[in-house]
Amino acid sequence: MSAPAIKFDLTAPPVVKTIGQRSLIVGVVFGIIALVLAFTRPDEFYRGYLLGFMCWLGLALGSMAILMIRHLTGGGWGMVIRRILGAAMRTLPLLVVLFIPIVIAVLEHRIYPWLMPLDAIQDPHIREHLEKHGFIKDAYLNPSGFIIRAVLYFFIWNLSSFLLSHWSRQTDAAGAPDNTQKFKAVAGPGLILYGFTISFAAIDWVMSLDPSWISTIFGLIILIGEVLAAMCFAVVVERILFDYKPMSEMLKPDFVHDHGKWMLTFTMVWAYFSFSQWLIIWAGNLPNEISFYLKRIENGWGTIALTLALFGFCVPFAILLSRPFKRDIRKLVWLAIWIIVIRYLDLFWIIEPNFSKSLSITVADIVVPIAIGGFWLWFFFRNLAALPLLPAYDPSAIEVIEPPHHHGGT
Amino acid sequence: MAKRDPIYGIMAEFDSAQALVDAAHKTHEAGYKKIDAYSPFPIDGLAEAIGFHHDEVPLVILIGGIIGGCTGYLMQWWMSAVDYPLNIGGKPPHSWPAFIVITFEMTILFAGISAVLGMLALNGLPMPYHPVFNVPRFSSASKDRFFLIVFSSDKKYDPVAVRNFLGAMNPRSVSEVPS
């Protein structure tokens, strides 16, 4: 195999470090406010923390999933953002540290009703349910089980991330081995494992906020939200990098078009899963199932539900049908930013109605996600600066360095 | 009836996809607008090279999809709420959430059918006769040869000039295509 001719420098532009430093400043400033909230309004703090953690965890895990899809399918679209996805995936060790406050919340018996003594539970429905079905608390929802499972999830995620980035790093230098088969060997089982682990994690961390409610598709709704957020995040980062070399040389309209198609696909799958859950519960009309939606439609929460349907699905769907829009990174980036906001709103709408009967947003719901985001982005941009923006000696790098203009079969 | 030109156009034969794309670019830039290209497989950038930008198939699909969606919804509404109302789980006969899945499926079905039929219609298919097949060598367009034609209906068309122009691009052969 002949080494591809690299006509330009592949190191990340200095702007990456600048953004990283600014993110750290934001993280520290908001982190201090968050810390004050942690002591003055601990309950609100932990709710906001869970919301923020789920948002940023989603970018890391979603990026890992898209990276695995690329390893299985190939394609220039994935090569051009491969190091962006990789940098997001390699924030998983940081997310282990960021998980500590949630462990503290569990150990202090906060936010999760199954941790509380029965008479301390506000919602009569949940109290009655836990009274009747005590085995749920004993067998599955208990602090040690919660922590052991979390360790297992993070172990699996970090192991996949470590292997993929380790082999990816080998292909930066000349004479690199062809790791394509190794990537595939991890990506296939990795995607299946991700499906299982994120489903269990979604049950443990989010769905158990209301232990009386069950939905078998809930894990997949969280999963697709993460993948959608990650695709949009990659589009935002590629837009920032597009003003500088080497991304300005690497990013072709064909690749942007593919990223736009992924956004459309994931938006539709998210709508499909969310609608399926709602349709089944609506059709069944059972008291212990509909409580989830009643809480999220009544007392003002319906505004957010409607916003999610209209501006999370209808409008992005209609816009993403346009071919010229999907091919223009300068336009696509705005929709990507908007969908990331929608991802936050969706998680807010899933998590917060467990705590508040009527529509309300606390300071912690905004400050804490920004604080976590500051640190996460700092770590992300640090990762992004650490490696070249393309693994130049990977056999697939040729698809980006010399895009196939005139070959058949496509 | 307008008198039909006995010559349909002048066609050049090339050895590679690259040569065809380059030749198509040059011909289009030289001011010949009514041109077409033939190859055994799809070639990225060839459509742009012959100046083909306007693709109406998506519009046909969109219209088909909208018609399908409306048909699906109205069909269910008429069946469940007008023609034969049934009490299902105490829900009103006209319950839109229950209709969404079929509406969606009908949208996809009609859009898919529109895509196929629209593509055939806009391509003018089925077409039992096409002048390019009057050139015997053209049969290799489905194997390993690449063809570019300048139609005689082009404003700038001049048999000698076109022949010389195409001949200068190093083709394997240049032939006149009888109508």
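Predicted model: local features only at pLDDT ≥ 70, side-chain atom pairs only at ≥ 80, totals over all residues.
**How β2(B) is paired**
- β2(B) runs antiparallel to strand β3 of chain B (residues 146–151), and four bridges join the two.

**β1(B) and its partners**
- Strand β1 of chain B (residues 7–14) is largely enclosed by the rest of the structure, because seven of its eight residues are buried.
- β1(B) pairs with β3(B) as well, antiparallel and through six bridges; here B:Gly9 is opposite B:Phe151.
- Strand β4 of chain B (residues 173–178) is another antiparallel partner of β1(B), again with six bridges, and B:Ile7 faces B:Pro178 across that pairing.

**A helix crossing in chain A**
- Helix α4 (residues 82–89) and helix α11 (residues 218–242) of chain A have axes that come within 10 Å and cross at roughly 120 degrees, so the two are oblique to each other.
- The crossing of α4(A) past α11(A) is right-handed.
- On the α4(A) side, A:Ile84, A:Leu85 and A:Ala88 make the contact; α11(A) brings A:Ala230, A:Phe233, A:Ala234, A:Val237 and A:Glu238.
- Sorted by class, that contact has seven nonpolar residues, one charged and no polar ones.

Notes
Residues numbered from 1 in each chain as written. Chains lettered and ligands numbered in written order. Pairing = 2+ DSSP bridges. Axes fitted to C-alpha atoms, helices over the stretch in contact; angles between N-to-C directions. Parallel < 35°, antiparallel > 145°, perpendicular 65-115°, else oblique. Left-handed = near helix turned anticlockwise from the far one by under 90°. Contact = placed C-beta atoms within 7 Å. Nonpolar A, V, L, I, M, F, W, Y, C, P; charged D, E, K, R; others polar. Buried ≥ 20, exposed ≤ 12 C-beta atoms within 10 Å, placed from the backbone.
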